[in-house]
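Trainee: I am new to this structure. Can you show me how to read the sheet and the helices around it?

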Amino acid sequence: MQHNEITKYSAFPQIDIKNRRWPDNRIEKAPVWCSVDLRDGNQALAIPMNVEEKIEMFKMLCDIGFKEIEIGFPSASDTEFAFARALIEKNLIPDDVTVQVLVQCREHLIRRTFEALRGAKQAIIHIYNSTSPLQRRITFGNASKEQIKQIAIDGAQLVKDLLPEAGNTKIRLEYSPESFSDTEVEYAVEVCEAVMDVWQPTPQDPIILNLPETVQWTTPNVYADMIEKFCGMISRRDSVIISLHTHNDRGTGVAATELGLMAGADRVEGTLFGNGERTGNLDIVNVALNMYTHGIESGLKFDDLPAIREVYERCTRMTIPARHPYAGDLVFTAFSGSHQDAIKKGMDARGALGGDAPWQVPYLTIDPTDVGATYEAIIRINSQSGKGGIAYILDRDFGIDLPKLMHPIVGQVVGNVADKLGRELSPKEIHDEFQARFVNVAEPLKLRLFESNSENKPIVSCVAEVLYQGKEYKISGSGNGPINAFVKAIHAQGWKNFTLRDYRSHAIGTGSATESAAYVSISRDSDGKVFWGCGIDTNIELAGLLALVSAFNLSRRI
């Protein structure tokens, strides 16, 4: 790798376009989607899918809602040909789905492609040839622009000549000036015009002109400039469907597609989760869900991404990274304490407004349940986590709704455990730690029996049997409620070093066997330090007393 002065590489040239309009445009509707998973995606696999796997993928793509699906390159191999024939002969293609096949502008390959499509209801024949200066010079041995254009013309003419052999199959034509992303825009227009002169498209029977970013050479704005310039130069615009086909060499395939749509494109080719050659094709899932989060109906069903992911990973033998947008294992997960706190507050606020309220939760651009994920994945706990996340998990998974003032101490205790172990804690481990440290703590004071009498309202009197530091005591007291009376009873024994500060309680779950959770905080008189305890019992009064005992015991341990 060169340093300081880099002479091996140079900047890609900008596009000469005046008064560009695309930066002010917005994506307001979904494009026509075309899946190329079974062709571009499949040819990039170390072990290509077999016919059975491709059929399973095809059915899933139909279920998702794709109306145009590129099923392969049937003239390239017997497997590809057999797959096309299987779809047609087994009547697996829905009436509203058009299959697309790719073929180079070579006579014997085009003829073989027509054989593969015999009997299909409708199909798109996608022809292509490389047009860039680099390809003209290296791949085609310094071929002239006229020679390259003639390849495209001959391919289009042969497809047109073979139409009578297609029988009742309605054939549409797609042409790609492959390597459009580094072809002179003016020349790309010239070649496409020549193809249109052969095909003679109409508004009722338009041609698809696919402008692939075969290799990403530059920033997405330059690709958008190329699309806008092409759209402004091409004739018969009402008879042309401008299609995008981006790759991801610079990691900006999604951005290039979105800007290309803003620049005037009508159609998008891509794959599920971006599978494809080198760094991959456009991720259609990503673009479609980006639109969804802006209130645009994409026409594609990604309600159950985990199920789609399972079929995809099994058939392609590819693995979706944990950070892959929308589909990765960790994309809805927050470990950071500040993020967890904001998410918890957002979820609480949304719960108060109801399920139909606009989605406004910090750090989450989409409701995970919209794509089949669960809320269990949102907040996970490690040493970086905070009090809000731990409280969220205890509430969500176990119905323990901690008072806000209790969050810091519980968060500190659980966080220390995660830090010591050096790993993520499961919800069960968090719950177990909370139970062990805060719930029904019975040393050094243990409540064995409690009886109260409220006949002299509003005064409540109590008698309790307790075990304290191994000794049995029978204590009594009076107050304005059972807990206050118990506090007075403890104080009467000379254990007067604390003050009751707060008491809260709530039910856990529903039904006749519902337990109650109570939370009590006390302050130690000697230094003002606050201690929280929790009591859980089927009897709400007893839960409160156990919470007081827990707090009392914790104050004796520090």
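Mentor: We go through the strands, then the helices. Keep in mind that this is a predicted model.

Trainee: How do strands of a sheet pair?

Mentor: Strands pair through backbone hydrogen bonds, either parallel or antiparallel. Here the pairing is parallel, and eight strands form a closed barrel in the order β1-β2-β3-β4-β5-β6-β7-β8. Neighbouring strands of this sheet are turned by 25 degrees against each other on average, direction ignored.

Trainee: Over how many bridges do β1 and β8 pair?

Mentor: Four. Strand β1 covers residues 32–35 and strand β8 covers residues 267–270, paired in the parallel sense. Look at Cys34: Glu269 in β8 stands opposite.

Trainee: Which strands does α6 lie across?

Mentor: Helix α6 lies across β4 (122–130) and β5 (170–178). The angle to β4 is about 165 degrees. Now take helix α7, residues 185–199. Helix α7 lies across β5, β6 (207–213) and β7 (240–246), at about 165 degrees to β5.

Trainee: What describes two packed helices?

Mentor: The angle between their axes and the distance between the axes. The crossing of α4 past α6 is right-handed.

Trainee: Which residues make the contact?

Mentor: From α4, Glu107, Ile110, Arg111 and Phe114. From α6, Gly155, Leu158, Val159 and Leu162. Sort the residues of this contact by type and you get five nonpolar, two charged and one polar.

Terms used: Residues are numbered from 1 along each chain as its sequence is written. This is a predicted model: local features need pLDDT of at least 70, side-chain atom pairs count only at pLDDT 80 or more; totals for chains, interfaces and linings use all residues. Side-chain values use heavy atoms; hydrogens and water are left out. A crossing is left-handed if the near helix is turned anticlockwise from the far one by less than a right angle, and right-handed if clockwise. Helices (H or I, at least four residues) and strands (E, at least two) are DSSP runs, numbered from the N terminus. Contact means heavy atoms within 4.5 Å. Ala, Val, Leu, Ile, Met, Phe, Trp, Tyr, Cys and Pro count as nonpolar, Asp, Glu, Lys and Arg as charged, and the others, Gly among them, as polar. Two strands pair if DSSP finds at least two bridges between them. Axes are lines fitted to C-alpha atoms, for helices over the stretch in contact, and angles run from 0 to 180 degrees between N-to-C directions.
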